[in-house]
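Hi everyone, thanks for coming along. I have one structure to walk you through today, so let me put it on the screen.

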Amino acid sequence: MTGKGAATSWQKRDDVAGRPWTGRVREYDLLKELTIGVVVVGLMVLGVSALFGAPDEPSVSLKSWAASAPADFVATAAKELAGTSDTAGYGPPYNSTPDASQKIGPVDLQSLPGVRLPVDTAQDFVIGPLEQLPSPPAALADWTAATEQQRSDWASAYSDALAAAPDNDPAKVADGSYGPVPALTGALADMARQGTLDGVLQGGGTFYNLDYTLSLLFLGDGSYFPGLAASQHLSGDQWGVMNETGDTPGQSWLWLFSLLYQVEPFKSSPNADALAVVTMAVLTVLLTLLSFIPGLRSIPRKLPVHRLIWKDYYRHR
Amino acid sequence: MSTRAKPAPRLPGQDADAGTWTDKARRWLLAKLPPDKLLPGDQPIYVMSWAYVFGMGAVASLVWIIASGVVLGLNGPQWYHVSPLGGFVNSSHLWSVELFFIFMVVHLWLKFWMAAWRGGRVLTWITGMLSFIVSIVAAFTGYLLQTNFDSQWIAFEAKDALNSVGVGAWFNVANLGQIFVWHITLLPLAVGAVVVLHALLVRVHGVVPPLDASEDDAQLSTNTVEVGGNPPGAGRQVAPATSLTPAEPKDAAL
């Protein structure tokens, strides 16, 4: 076949594209061009850096969270004890909450690794850190002695009462059967405000730490941290995947991935992340293997942008 | 029991082609990429368009990414928060990445419109795509390493996408130690290797000719070299280019 379809084929043929070029040539200095490129791009990089810099919004700590939004901190701690936080109901790889994982049709990739990074929200976020205090609160003994059901009832009741309280203020919560929960959450808030909780949660009592999984999950279970992100246009529904703090461009090359989260069926699907990732994977494979796909590989011939690219060559044929 | 004859001892400088693995590898490499293709002194006349700037721009940006990244890495991830010089180097790292992606994406689109996979160049296209994909992952891990609010939020959001397909258990975006290893060793090595392979494939196969180029084009009927970047047809045709257009083996393509 020598028709126009063959002209965009990937296969090596005995034609102009398939044979070594034997026509006119021009002088070309590869190393000189590379050197000029590095110098010119370097001037651009240094110039733009001097002009615009780069944003560096300070990180949020558990200390700043407890100080800036104490009611949100206490409410989140209560949810961690009740097992009703986002992390507690996340599923793999943090826990085995039933039916929590995202699926693509019948395929459950999220459950494949199992609970590889186990997180027990009550123990890891609240009870464990309080046990590290030089003088642990007496309420810990009541919590430890109680049954699972009793713990859950206390924490859920306190969590509901906090949500109903004016300004969600722990000091204005109506009387109720909350057991040791108010004392535990209050002690944790004090611990956080003093700056102790950051170190304990990150390091687990050890000197070194490079793993921030627990701190980040706890932080994200509240509304303070996501609220700050929303104010910086970083939420998922604000195209946050490709944004950066301030007005500096972020990962704009992720625009298509970000777009998927703005449109149906992704937008309202409980499996939005899995669907978006798989869709992007399929599109990426298609683009990589584009030269093997009849029709798609012929687009450059049908929309002849190449006439602009090689206009000098075509003009002098 | 049979005995194998030992090869006769060779003198220095004597033809070393004894059929060893190393000899075969050398012959293969020289056939695929002889020195005058690796470092050419000329290019086909159609390689004279603004469209050819962007690939080199991406490589030049990568040089600045690596240079600024080495300075940042050697000073530790916290340095740029407290040092004005560190802040500037960090800005240079960010903007060289932004330029890298601009150059790379434009280069990718232009190669698409050129149908640059033609004539046995499909691996060049695929390695170009691979370098784009690996670069996206490398840049993502860089954003996670900023150790500021942005990296906190990106890690918190990105974990859901990674966990949803079972990757997050091993590629834990909240584990700074893991991400540091990915960003300063594995992914830069991967980007570098794929980009080098891509560039070598461009040299092996040559730059793809224009889509409508045909055997009876004037540019193919004469065999001359033009000097000084003059437009084709208008420039001086100074010398027969027989020595500059070496006969290439038919099996040069991979």
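Predicted model: local features only at pLDDT ≥ 70, side-chain atom pairs only at ≥ 80, totals over all residues.

Let's begin with chain B on its own. It has nine helices and three strands. If you read along from the N terminus, the order of elements is α-α-β-α-α-α-α-α-α-α-β-β. Chain B has 254 residues, and 44% of them count as buried.

Now for the contact between the two chains. How many residues does each chain put in? Chain B brings 101 residues and chain A brings 80 residues. On the chain B side, the elements that give two or more residues include the helices α3 (53-75), α6 (122-144) and α8 (176-205), along with the strands β1 (42-44) and β2 (224-226). Which element gives the most to that side? That would be α5(B), with 15 residues. Sorted by class, the side of chain B that touches chain A holds 58 nonpolar, 32 polar and eleven charged residues.

Strand β1 of chain A, residues 25-27, runs antiparallel to β1(B), and three bridges join them. One pair to click on is R26(A), whose bridge partner in β1(B) is Q43(B).

While you have that strand in view, look at E27(A), which sits in β1 of chain A as well.

On to the inside. A general reminder first: in soluble globular proteins, nonpolar side chains tend to be buried together. In this model, the largest nonpolar core has 113 residues, and those with the most contacts inside it are A78(A), L81(A), V126(A), L188(A), A192(A) and F100(B). The element that gives the most to this core is α6(B), with eleven residues. As for F100(B), leaving aside residues up to four places away in sequence, it touches A58(B), S61(B), L62(B) and I65(B).

Last, some backbone geometry in chain A. P92(A) and P93(A) are joined by a cis peptide bond, with omega about 10 degrees. P93(A) belongs to the loop between α4 (70-82) and α5 (121-131) of chain A. Another cis peptide bond runs from E264(A) to P265(A), with omega near 5 degrees, and P265(A) is in the loop between α12 (255-260) and α13 (272-288) of chain A.

Then come the positive phi values. D99(A) is not a glycine, yet its phi is positive, about 55 degrees. D99(A) lies in the loop between α4 and α5 of chain A, and it counts as exposed because it has 9 other C-beta atoms within 10 Å. D167(A), also not a glycine, has a positive phi near 55 degrees. Its place is the loop between α7 (148-164) and α8 (181-193) of chain A, and D167(A) is exposed, with 8 other C-beta atoms within 10 Å.

Terms used:
Residues numbered from 1 in each chain as written. Chains lettered and ligands numbered in written order. Contact = placed C-beta atoms within 7 Å. Helix = DSSP H or I, 4+ residues; strand = E, 2+ residues; numbered from the N terminus. Nonpolar A, V, L, I, M, F, W, Y, C, P; charged D, E, K, R; others polar. Pairing = 2+ DSSP bridges. Core = buried A, V, L, I, M, F, W, Y, C linked by C-beta atoms within 7 Å. Buried ≥ 20, exposed ≤ 12 C-beta atoms within 10 Å, placed from the backbone.
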